[in-house]
Amino acid sequence: MDIKRLQPEAEVTYELETTGEPISITFKVGFIALDAVQDYINESRDGTRPPRISDVIRRAVSDAIHAWDLMEGDVALPCTRENKDKYLPLLFGLKTKQPEVVVEGEAIPADPVASVLVRVLAEFAGNPENFLKN
């Protein structure tokens, strides 16, 4: 029998597309359980309107990020709430580099929304297999 253990965090690196050179960023993230999403929805209610699902996902992913290798010049940026609030809104909207898909010799265009950083991080953090290790 193959017993696995649960790790509290998993590391993932993405190459982000920019107008200049691509940027490679490594994140250490915690698991986002599906039932936790309801907590974010409940906490987001301000009494005036239902929360936008995109805001709920951004908050859940931001909270799941425990560390990163972001630098400002030669100085490492600590992964604090303040820095998350400052840098993640921009980073979350960037596209990650995706492998080219070719079917019968023809390149298939990638879904532009599927490669957005906040979405790929949410998928990674929500997949329990990424946190189970032998």
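**Exercise 1. In this predicted model, is R81 buried, partly exposed or exposed, and which residues join it in a salt-bridge network?**

Step 1. Start with R81 itself. Its relative accessible area is 41%. Buried would need under 20% and exposed over 50%, so R81 counts as partly exposed.

Step 2. The side chain of D63 meets that of R81 in a salt bridge, at 2.5 Å from N to O. D63 sits in helix α2 and R81 in helix α3, so this pair ties together parts that are 18 residues apart in sequence.

Step 3. Now try D85. D85 also forms a salt bridge with R81, and here the closest N and O atoms are 3.5 Å apart. Both D85 and R81 belong to helix α3, four residues apart, which is about one turn of the helix. That spacing makes sense: an α-helix has 3.6 residues a turn, so residues three or four places apart point the same way.

Step 4. D63 has a relative accessible area of 31%, so D63 is partly exposed. D85 comes in at 48% relative accessibility and is partly exposed too.

**Exercise 2. Which residues does the salt bridge of K97 involve, and where in the chain do they lie?**

Step 1. Searching the whole structure turns up five salt bridges. One of them joins the side chains of K97 and E15, at 3.9 Å from N to O. The cut-off is 4 Å, so the pair counts.

Step 2. K97 is in the loop between α3 and β7 (101–103), while E15 is in strand β2; the pair links distant parts of the chain, 82 residues apart.

Step 3. Compare each with the exposure limits. K97 has 53% relative accessibility, so K97 counts as exposed. E15 has 34%, so E15 is partly exposed.

**Exercise 3. Which residues of helix α3 are buried, and what covers them?**

Step 1. Helix α3 runs over residues 81–92, and its buried residues are N83, K84, Y87, L88, L91 and F92.

Step 2. Look down the axis of α3. The buried residues fall within an arc of 125°, so they line one face of the helix.

Step 3. Turn the helix over. The face pointing away from the buried side carries the exposed residues E82, K86, P89 and L90.

Step 4. Ask what does the covering. The elements over the buried residues of α3 include β2 (9–16), β3 (23–30), α2 (53–64), β4 (65–68), β5 (71–72) and α4 (117–125).

**Exercise 4. In what order do the three strands of the open sheet run, and which helices pack on it?**

Step 1. The order is β2-β3-β4, with antiparallel pairing. β2 and β4 stand at the edges with a single partner strand each, so one side of each has no neighbour in the sheet. From one strand to the next, the twist averages 30°.

Step 2. Zoom in on β3 and β4. They pair over three bridges, and F27 has W68 in β4 as its bridge partner.

Methods. Residues are numbered from 1 along each chain as its sequence is written. This is a predicted model: local features need pLDDT of at least 70, side-chain atom pairs count only at pLDDT 80 or more; totals for chains, interfaces and linings use all residues. Side-chain values use heavy atoms; hydrogens and water are left out. Buried means under 20% relative accessible area, exposed over 50%, partly exposed in between (1.4 Å probe, protein chains only). Helices (H or I, at least four residues) and strands (E, at least two) are DSSP runs, numbered from the N terminus. The arc is that of the directions from the helix axis to the C-beta atoms. Contact means heavy atoms within 4.5 Å. Two strands pair if DSSP finds at least two bridges between them. Axes are lines fitted to C-alpha atoms, for helices over the stretch in contact, and angles run from 0 to 180 degrees between N-to-C directions.
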